There are 2 protein chains.
Amino acid sequence: MSDLLARLRARRWRLTAQRRVVAQVLDGDHVHFTAEEIHARAAALLPEISRATVYNTLGELVAIGEVLEVSTDGRAKRYDPNAHHAHQHLVCDSCGTIRDVHPSVDPLVGLPTAERYGFTVSRVAVTYRGLCPDCAAGSAGAASALTDAEA
Amino acid sequence: MSDLLARLRARRWRLTAQRRVVAQVLDGDHVHFTAEEIHARAAALLPEISRATVYNTLGELVAIGEVLEVSTDGRAKRYDPNAHHAHQHLVCDSCGTIRDVHPSVDPLVGLPTAERYGFTVSRVAVTYRGLCPDCAAGSAGAASALTDAEA
DNA sequence: CTGTTGACTTAGACAGTGTCTAAGGTAGGG
DNA sequence: CCCTACCTTAGACACTGTCTAAGTCAACAG
């Protein structure tokens with residue numbers, strides 16, 4: 001689905017080599033990289049690309065809605081190229097891996113007006129947390145170490 | 001509900017002046033402060049308290065489940081003393097304010113096993129995003145500026 | 001094809017958030 | 001009242017992200 005570049009052209013973006021490699025990295029494996037990971041992969045294709053350019057480009061892609069920003073822990077944000085399908089995230093508490101999940105039922109379930117406290121609610125994020133298969137295998141009985149909660 | 005100190009005593013915590021003021025700040029208004037805000041308020045009560053101690057204490061409170069850590073944007077984490085009632089969060093995209101909401105229906109709705117990709121799911125976080133009443137009043141028509149999405 | 005121009009990129013300084021270390025202080029049990 | 005293990009401190013450090021000034025170049029006009 002490398003029509004990301006086509007969409008960018010349609011938006012009259014100046015198509016520089018730097019923007020092309022960033023788009024290419026995002027179009028690749030459908031994972032959720034951090035900005036630094038994207039920079040590293042982009043630099044493998046175009047060694048002189050700078051951090052600032054990667055941050056700028058990601059910020060613009062997020063602003064126009066082609067990429068989603070995901071902040072799961074307090075660490076680095078991750079970038080999700082799957083912006084055109086509503087979905088939720090499954091996050092590993094141990095390694096931070098993120099997987100997209102496409103629920104059959106939309107749990108958006110309107111928040112009752114009485115519970116909105118005057119807020120204008122525009123969207124809802126649902127994040128499932130736990131351990132990915134690899135980490136669950138590694139920590140085995142340590143599953144009880146999962147004493148931290150968040151919802 | 002200042003039995004937080006009682007619970008800490010029961011856990012055989014050394015009750016130092018520093019830990020007491022941190023607990024006191026958390027027990028106060030039921031808001032969601034950042035670590036720096038907590039440090040500032042604690043320092044108003046005990047001027048020589050250090051940042052490291054506030055971070056240490058918050059980390060320990062989170063580890064034992066007396067306080068929840070909430071990372072909504074990529075900025076500073078916020079600390080939620082309301083750890084003993086399952087709840088969700090309403091977050092303002094403009095000012096970052098967080099409100100607890102206690103939904104009548106639990107949208108946890110089990111994630112279908114087929115959608116778990118082998119993850120061991122231990123909990124789910126639901127975050128409603130939008131504008132708080134104050135920010136909605138301020139930006140008025142700019143509501144359409146909310147082009148970013150996250151779920 | 002070539003020139004022009006404004007948008008883009010760069011390196012590096014800077015800022016916010018959080019972690020770590022070594023040294024000194026103190027709560028709480030004896 | 002003393003000890004000692006645990007706690008606190010100041011400050012250095014690391015990570016993530018933002019900003020600036022100067023140089024570069026994609027795209028368009030001619």
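Me: Helices are DSSP runs of H or I with at least four residues, strands are runs of E with at least two, and both are numbered from the N terminus. Which helices each supply at least two residues of the surface near DNA strand D?

Reply: Helix 4 (51–63) of chain A does, together with helix 2 (17–27) and helix 4 (51–63) of chain B. The model is predicted, so local features need pLDDT of at least 70 and side-chain atom pairs pLDDT 80 or more, while totals for chains, interfaces and linings use all residues. Residues count from 1 along each chain as written, chains are lettered from A and ligands numbered from 1 in written order, and side-chain values use heavy atoms, without hydrogens or water.

Me: Why is the pair between Lys77(A) and DNA strand D called a polar contact?

Reply: A polar contact is a pair of N or O atoms within 3.5 Å; within protein, one must be able to donate a hydrogen and the other to accept it, and sequence neighbours count only if both atoms are side-chain atoms. A polar backbone atom of Lys77(A) is 2.9 Å from a phosphate oxygen of DNA strand D, so the pair qualifies. Arg14(A) puts a polar side-chain atom 3.0 Å from a base oxygen of DNA strand D.

Me: How do you know that Arg19(A) makes a polar contact with DNA strand C?

Reply: An N or O atom in the side chain of Arg19(A) is 3.1 Å from a phosphate oxygen of DNA strand C, so the pair is inside the limit. Leu15(B) has a polar backbone atom 3.2 Å from a phosphate oxygen of DNA strand C.

Me: Why are helix 2 and helix 3 of chain A called oblique?

Reply: Axes are lines fitted to C-alpha atoms, for helices over the stretch in contact, and angles run from 0 to 180 degrees between N-to-C directions. Under 35 degrees is roughly parallel, over 145 roughly antiparallel, 65 to 115 roughly perpendicular, and the rest oblique. Helix 2 (residues 17–27) and helix 3 (residues 35–45) of chain A pack at about 120°, with axes 9 Å apart. Helix 2 and helix 3 of chain A are therefore oblique.
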